[in-house]
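Q: Could we go through the aromatic contacts in this entry, and then a helix and an annotation?

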Amino acid sequence: MSNLSHDKAMEAGEIARLLSYFIILIASVGLFFAASEIPTSRFETLGAGAFPQIVCAAIGLLSIVAIVDSLRKISYLGYGRFYTEVKAWMCRRYLVFITLGALALYILVIPIIGFSIASMIFIFSVQVILMPRNTKSIVIALITALVFSFGLNWLFSEVFTVFLPRGVF
Amino acid sequence: MNDFLTGATQIFTFSTLIYMFAGSIAGIVAAAIPGFTVTMAIVLTLPLTFAMEPLQGIAVMLSVYVGGYTGGLISAALLGIPGTPSSVATTFDAYPMARNGEPGRALSIGVWASFFGTIISTIVLIFAAPPLALFAVQLGPWEYFSLIVFALTIVGSLVGSSVVRGMLAGLVGLLISTVGTDPILGRARFDFDIEMLQTGFPFLVVLIGIFAISQLASEVEDAKNIRSGNSLVTGAIDFQTWKVFKEVLMRPVNLLRSSILGVLIGALPGAGGSIANLLAYDQAKRSSKYPERFGKGETDGIVASEAGNSATAGGGLIPLIGLGIPGSAVDAILMASLMVHGISVGPRLILDHGDLVYGMFIAMAVASFMMLIVSVFSMRLFLRITQVPKWAIVPVVMTCCVVGAFALNNRVTDLYLLIIIGIVGYAMRALGYSLAPLVLGVILGPIAETNLRRALMTDADMSLFISRPISLIFLVAAVLSIAWAIRSHLKNSKTTKRTSNEPAS
């Protein structure tokens, strides 16, 4: 990566951080007011809502400091380039999104098809997506998928007496 | 003495020793895989210890911990890739030594230095933790609250590249801990009538999501790298075990200095093996007669780094046992595993469960001997581990994370939380937030809140927080740690600006 594109990426990163500070600030303000509605008690000075309010106030103050500091670092042109830079960043990390998406899907289907089958499909398919594809790798992936799905289920149920979801079938 | 003997009887049973032996192997294997940290290995061990006795479970986790520090050495020495962040400095000299045709000697030096580092830290732990606990039981809720404020500020300001983001992460952790029922009156907070939020965020699910899932996701960032395989150093490997043993012992000053440094850094909340190995290496280089040899395969460099990082294991247990404050993410997991068994961790731990604490001391020593035996006799086998490709590891470890999160409460809703927290954790990691303060915030939140509210229930006068001397010391230390961090941050950014301007001027 050349110096110029590195600087552009750094600036886009700073804008992304700025957005995160705004999200944290909005959430802390919202939760501050939500905490103020928690009923207080006659038996103590601070109620159940006081500690979250203190934490939210501190988060809010720090977020403002972070926002001011971040705004100083970002040039006017940086905002215009932000969308392109984020798109490029996401394209470079497409495997992360595929892997996390597969994990989310896997977790959603565990209660339906059960741990063993869901794990076998998840492990095998993610390995196939990530691997350099050749016969040896596919055989290794298949064995690993079987061992860490049905094998793990057997280990937990028989040795540790922890029963993993069986599914509705 | 009675507690010591009871602890020893529990450790020296056949089943505990076998489990510890397996834990030691698992720690070395896990940490030898680049990208697989010691923390992740311990997180994955946790669900396996639920069915065990508390001390047995802790002993297994300590074996993984001690083994993990050694495992990081394998890929550091042979591939030049630190297996864990704690072995960064090991690569400086162990890798050149391995490239110069002495890979076996480099590994042996690291193993022996790790062993002595752990033993020295265990000795310090045995002498330091009980008096600290006796002192801590006299502290009131004011001092405890101020101590937690200090611990969080020092973690937030020490870890990561930005003080503000570190502090924000710590505070977000505290806020996460307030979801669910409040610790004193049991009132519902922030559940928004969603069933899975009513019991709050289970700490271990947060921990697995934040550390393991986000770390695994970041391992697949580079598509080219993941689809290629790294090969190990080839050629004959001669470990020269006993020759190296004498060689390491011939450096008592370096060994002691690095270990003590490791213990001190380990005892400091937030700092850990990742800082200790670099500082110990730096000190060894400064005091060496031949600093120019460092970075080219110098024995002293490997000894300093490995003794320093291994000694943090014992150091980190000092505040955990003495004060009930975990110094690092690993200590937080150890604390959580005791809490799963219904044991409350605090300064009274050593008074109420003396056998458990002395058992932990013994387990540390036993674990380091096991690590040594496993390393010396089967290092050749472990060398193959570094060849396991990432594409095979990532989905398998993710499945283990799912099992770990589910096994805690047998709740499918915990799995939904896991993926949400994992995605948030990855986003935070990508945005440069350090995750250790967040995790410590989650575990310290209820302790901080309980002590704050208890202090004000005892006496509504807020000035007691600054009029009680020990509480004041902690608060002043908290302010100083932030000021120091801001100062060094400004100094660093000035230096960076000057360096980046230099070519233009």
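Predicted model: local features only at pLDDT ≥ 70, side-chain atom pairs only at ≥ 80, totals over all residues.

Q: How many aromatic pairs does the structure hold?
A: Over all chains there are 19 aromatic pairs. In one of them, Trp112(B) and Trp242(B) have ring centres 5.8 Å apart and planes at 50°, so the pair is tilted. Trp112(B) belongs to helix 6 and Trp242(B) to helix 12 of chain B, 130 residues apart.

Q: Is Trp112(B) buried or exposed? And Trp242(B), buried or exposed?
A: Trp112(B) is buried, at 4% relative accessibility, whereas Trp242(B) is exposed, at 58%.

Q: What about Phe115(B) and Phe369(B)?
A: They form an edge-to-face pair, with 5.1 Å between centres and 70° between planes. Phe115(B) is in helix 6 and Phe369(B) in helix 18 of chain B, so the pair ties together parts 254 residues apart in sequence. Phe115(B) is buried at 6% relative accessible area, while Phe369(B) is partly exposed at 45%.

Q: Which residues form one aromatic cluster?
A: The cluster consists of Trp112(B), Phe115(B), Phe116(B), Trp242(B), Phe245(B) and Phe369(B).

Q: Changing topic, what span should helix 19 of chain B have?
A: Its 20 residues, 390-409, should span 28 Å at 1.5 Å a residue; the end C-alpha atoms are 30 Å apart, which agrees. Of these 20 residues, 17 are buried, so helix 19 of chain B is largely enclosed by the rest of the structure.

Q: What comes just after helix 19 of chain B?
A: Asn410(B) follows, with a positive phi of about 55°.

Q: Which residues of chain A does the UniProt annotation cover?
A: The unreviewed UniProt entry annotates residues 21-165 of chain A as "domain: DUF1468". That span is 81% helix and 0% strand.

Terms used: Residues numbered from 1 in each chain as written. Chains lettered and ligands numbered in written order. Heavy atoms only, no water. Helix = DSSP H or I, 4+ residues; strand = E, 2+ residues; numbered from the N terminus. Expected span 1.5 Å × (residues − 1). Buried < 20%, exposed > 50% of the residue type's maximum accessible area, 1.4 Å probe, protein only. UniProt positions renumbered as here; feature names shortened; annotations may be inferred. Phe/Tyr/Trp six-rings, centres within 6.5 Å; stacked < 30°, edge-to-face > 60°.
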